[in-house]
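Please open the structure in your viewer and keep the selection tool at hand.

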Amino acid sequence: MTITTALVGVLSDLEPQQHDTDPAWLAAVRLAALEWVGEHGFPTRKDEDWKYTGLEPILSVPFQAATAGTGHWVSADMIEAVAVDLGGPRLVFVNGNFVAELSRLNELPDGAEVSSFAAVLAAGPQRLESFFSHAPGEHHAFAAFNDALAEDGAFIHLSPGTTVEEPIHLVFLSDSGGSPLMSSPRSVIMAESGSRATIVETYAGIAGEVYCTNAVTEVVLAEDAVIEHYKVQNESVSAFHLALLDVKQGRNSRFSSRTVMLGSAIARHEVRALLRGMGAETNLDGIYLPQGDQLHDNTIFVDHVATNCTSHQLYKGVLDGRGHGVFNGHIMVRLGADGTDANQNNKNLILSERAEVDTRPRLEIYTDDVKCTHGAAVGQLDEEALLYLRARGIPLEEARGLLIYAFVQEMVDRIELDPLRAQIEALVAGRFVHGDHLALS
Amino acid sequence: MLKIENLHASIEDKKILRGVNLELKAGEVHAIMGPNGSGKSTLASVLIGREGYTVTGSVSFQGQDLLALSPEDRAAAGVFLAFQHPVEIPGVGNMYFMRTALNSLRRQRGQEELDPMDFLALAQERMKLVEMDQSFMSRSVNEGFSGGEKKRNEILQMAILEPTFAVLDETDSGLDIDALRVVANGVNALRSEGRSMLVITHHQRLLDYIVPDQVHVMVAGQIARSGGKDLAIELEENGYAGLGQQENADRLPVGSTR
């Protein structure tokens, strides 16, 4: 029996007991998804989109599917420690399952519904059906796994014209308690026409624990909707993080997502943005900072289908130790997507001879009236700048930290939520700036 | 204050300094002139500890072996270089940079660090010396600065960091006459009994503004001639021709290990 079939076997054994309350359509989706994985297996390096990210370390761990009630040692203090208070509603998920006692659901404006996937599944599962209507394995095996196993996650519905001012914070904390768990949170965000909200996803875990987060977040923006999204991936460095952010945008909608990758042994953050309504705009950016033996993979697919849409991508990586970074950005401009304005840019700073980065910006254009640019750069610390700082008395390590932080600072500055920016500043600076006398401001 | 003896420096087997001897006393300003490629900027680089040079000889600074120190330790000891080509550092604010530098020096000297407010007050006072306004402080270090602004920013750093020995490496290059006057006024305001300066320049013009106690002419990696400030005028009239005929390159000092 191969590792792959062993994993499918373990998980499919668990499946019937867990999901006996599923409506018939969902049971069918789950079964089809598992069958798809069983038939197609997991991606290998021969797959274009997985060329630089080997899954062997993940597939060799005997994960158990996380169930509700695991991780009961998680306390409110632990949440405070990993998730900065953004003032708005805060939904806490432990091993992928919503925990009401640790969450805070502020009063929300009429027309805004912030709830859990499990609650919606119990009360009105038909509302979720469209999110499972894609072909099994449309994305890849892990997304299919999420189809099969997802029990909980966030459910956010914004009625037409609704604005939620305070950021909605989704905190995913893993506590596998010794035996490796795979959690499969599924979050759904539906922004009806003209609605607006800011959504922050924080992923964290207990230091040193081995677990796997296999998350899918789906965002559907109707006409004129505006969603600002942030994601902080600060999992245990022994853990694995596989995520798909799937975005579908209507006419003149605006979506932005900023990602900060800090944790995990292997982390893959995949974004798929479908610009299907004319005049839609998407802004994707991120920083990834692998060190030690970490691998951070950013795979992005922006699909320009409608006319006059805009997309921007800026990803910056700092690679240290034996860290490995991947930027795999693909822009597709379909026939008829005239007036497309798309660009992508990837910049990398390599600090160690053993670090590695694979950068692969790709444009695929099938129409004429477009403005597309892309670029990639890989460099090292500027020795001349280092000497300049040292010649002014700034010690070597501090000077290095200053220059590294300067490289990513513009990305941190783009975070518009003050408490979140302060947290990221501290986390990022703490990684590179040594010594406590250096106050960054 | 500073004593350079038999200083040799080579880079990738190319000999650039070939036995420089020079002594500056406290409060003195010396100028070094010389043709392109004579080793003037290499001397500056070796004094601040730029990597990549093979160096022999000795440099004693206030009794310390300067060559044994890292660049940051040299700065802490009181050495400063106004760079010929100040480096642009995107993402690092000018004000933040200078405060970090000053506090690094103060820390290494066992002095209390300045908080941002106290530093701001100090910076504002020193900015007047080089006629800079505060908008420069909120920009990234040297980024998008004109040639003249970069040089003024160097002198501002000197004014804030208060070194005991400063090397000015072609601080006048690329400056128009107004900018030259501003920079020179700033430098003159910083002259004091306890502070020595080594002014590297191609042009006698600068020395009309910053009047040196001594002028040295560097040719082929050695000091070919030294004299008073009139030497600069003589060079301006006659050029460097004639000075190289001493063929210093082949005259090895006693005890040279070259």
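**The two domains of chain A**

In this predicted model, the centres of domain 1 of chain A and domain 2 of chain A, taken over C-alpha atoms, are separated by 32 Å. To display them, select residues 3–277 of chain A for domain 1 and residues 383–441 of chain A for domain 2.

Next, select the contact between these domains: domain 1 of chain A contributes 11 residues and domain 2 of chain A contributes eight residues. On the side of domain 1 of chain A that touches domain 2 of chain A, β11 (226–234) and β13 (254–261) of chain A each supply at least two residues. The largest share of that side, three residues, is provided by β11(A). Coloured by residue class, this side of domain 1 of chain A shows eight nonpolar, one polar and two charged residues.

**A sheet in chain B**

Now turn to chain B and select the six strands that form an open, mixed sheet in the order β6-β9-β10-β3-β11-β12. Which strands stand at the edges? They are β6 (79–82) and β12 (222–227) of chain B; each has a single partner strand, so one side of each lacks a neighbour in the sheet. On average, neighbouring strands of this sheet are turned by 20 degrees against each other, direction ignored.

Finally, select helix α5 (residues 147–161) of chain B, which lies across β6 and β9 (165–169) of chain B. Helix α5 of chain B runs at about 165 degrees to β6(B).

How values were computed:
Residues are numbered from 1 along each chain as its sequence is written. Chains are lettered from A and ligands numbered from 1 in the order in which they are written. This is a predicted model: local features need pLDDT of at least 70, side-chain atom pairs count only at pLDDT 80 or more; totals for chains, interfaces and linings use all residues. Domain bounds come from an automatic or database domain assignment. Two residues are in contact if their C-beta atoms, placed from the backbone, lie within 7 Å. Helices (H or I, at least four residues) and strands (E, at least two) are DSSP runs, numbered from the N terminus. Ala, Val, Leu, Ile, Met, Phe, Trp, Tyr, Cys and Pro count as nonpolar, Asp, Glu, Lys and Arg as charged, and the others, Gly among them, as polar. Two strands pair if DSSP finds at least two bridges between them. Axes are lines fitted to C-alpha atoms, for helices over the stretch in contact, and angles run from 0 to 180 degrees between N-to-C directions.
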